[in-house]
Amino acid sequence: VTKKQPDQIEQPSRDGAYIHGLTLEGCRWDEKAGVLEDSKPKELFGQLPCILIRAVTADKAELKDAYRTPVYKTERRFREEVFTAQLKSKHGEIKWILAGVCMFLDVVN
């Protein structure tokens with residue numbers, strides 16, 4: 001996850017693609033610390049800044065201090081997982097699994 005907004009990206013990445021507009025459920029993204037944090041009260045969804053997506057083989061993925069976050073097309077989740085993103089976290093993976101943390105490409109209002 002970068003600290004940039006879409007208008008701050010000046011050129012394409014050499015080794016991946018920048019995407020934006022993803023929504024977190026079950027937690028929020030702390031932009032200052034660059035890690036997952038608990039949601040604020042009465043806040044169901046949280047926006048992420050731009051993310052640099054790179055395809056890597058499973059044995060080369062950075063899993064230390066990261067939660068493997070499922071990314072779904074919509075809130076329905078059922079059989080719609082697109083990919084898994086590694087998001088940095090100070091807490092163990094079990095905390096985020098129990099909280100039902102995931103990301104959506106599209107949230108229907």
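**Entry 1**

I looked up Lys-42 and recorded it as exposed, because its relative accessibility is 90%. For this term I use over 50% relative accessible area as exposed, under 20% as buried and in between as partly exposed, with a 1.4 Å probe and protein chains only. The model is a predicted one, in which local features need pLDDT of at least 70 and side-chain atom pairs count only at pLDDT 80 or more, while totals for chains, interfaces and linings use all residues. Residues are numbered from 1 along each chain as its sequence is written, and side-chain values use heavy atoms, with hydrogens and water left out.

I placed Lys-42 in the loop between β4 (35-37) and β5. Strands are DSSP runs of E with at least two residues, helices are runs of H or I with at least four, and both are numbered from the N terminus. I noted a positive phi for Lys-42, near 60°, in a residue other than glycine. Most residues other than glycine have a negative phi.

I found a positive phi at Asp-65 as well, near 55°. Asp-65 lies in the loop between β6 and β7, and I list it as exposed because its relative accessibility is 52%.

**Entry 2: aromatic rings**

I found 2 aromatic pairs in the structure. Rings of Phe, Tyr and Trp (its six-membered ring) pair if their centres lie within 6.5 Å; planes under 30 degrees apart count as stacked, over 60 as edge-to-face and the rest as tilted.

Phe-45 and Phe-104 form an edge-to-face pair, with 6.2 Å centre to centre and 75° between the planes. Phe-45 belongs to strand β5 (residues 45-47) and Phe-104 to strand β9 (residues 102-104), so this pair ties together parts 59 residues apart in sequence. I recorded Phe-104 as buried, at 0% relative accessibility, and Phe-45 as partly exposed, at 25%.

Tyr-72 and Phe-104 form a tilted pair, with 6.5 Å between centres and 40° between the planes. This pair links strand β7, which holds Tyr-72, to strand β9, which holds Phe-104, across 32 residues. Tyr-72 counts as buried because its relative accessibility is 14%.

**Entry 3: Glu-80**

I located Glu-80 in the loop between β7 and β8. Glu-80 counts as buried, at 13% relative accessibility. Leaving out residues up to four places away in sequence, Glu-80 touches Val-71, Tyr-72, Lys-73 and Thr-74; contact means heavy atoms within 4.5 Å.

**Entry 4: Lys-90**

I found Lys-90 in the loop between β8 and α1 (93-99), and it is exposed at 61% relative accessibility. Beyond its neighbours within four places in sequence, Lys-90 is in contact with Ala-33, Val-35 and Glu-37.

**Entry 5: the largest pocket**

I noted about 770 Å³ of space in the largest pocket. A pocket here is an open set of points on a 1 Å grid over the protein atoms alone, where a 1.4 Å probe fits, with protein on both sides within 12 Å along at least five of seven lines; lining residues have an atom within 4 Å of a point. The volume is the space filled by probe spheres set on the points, which are joined across faces, edges and corners.

I counted 26 lining residues, with Leu-52, Arg-54, Glu-62, Ala-85 and Gln-86 nearest the centre. β8 gives the most to this lining, with 6 residues.
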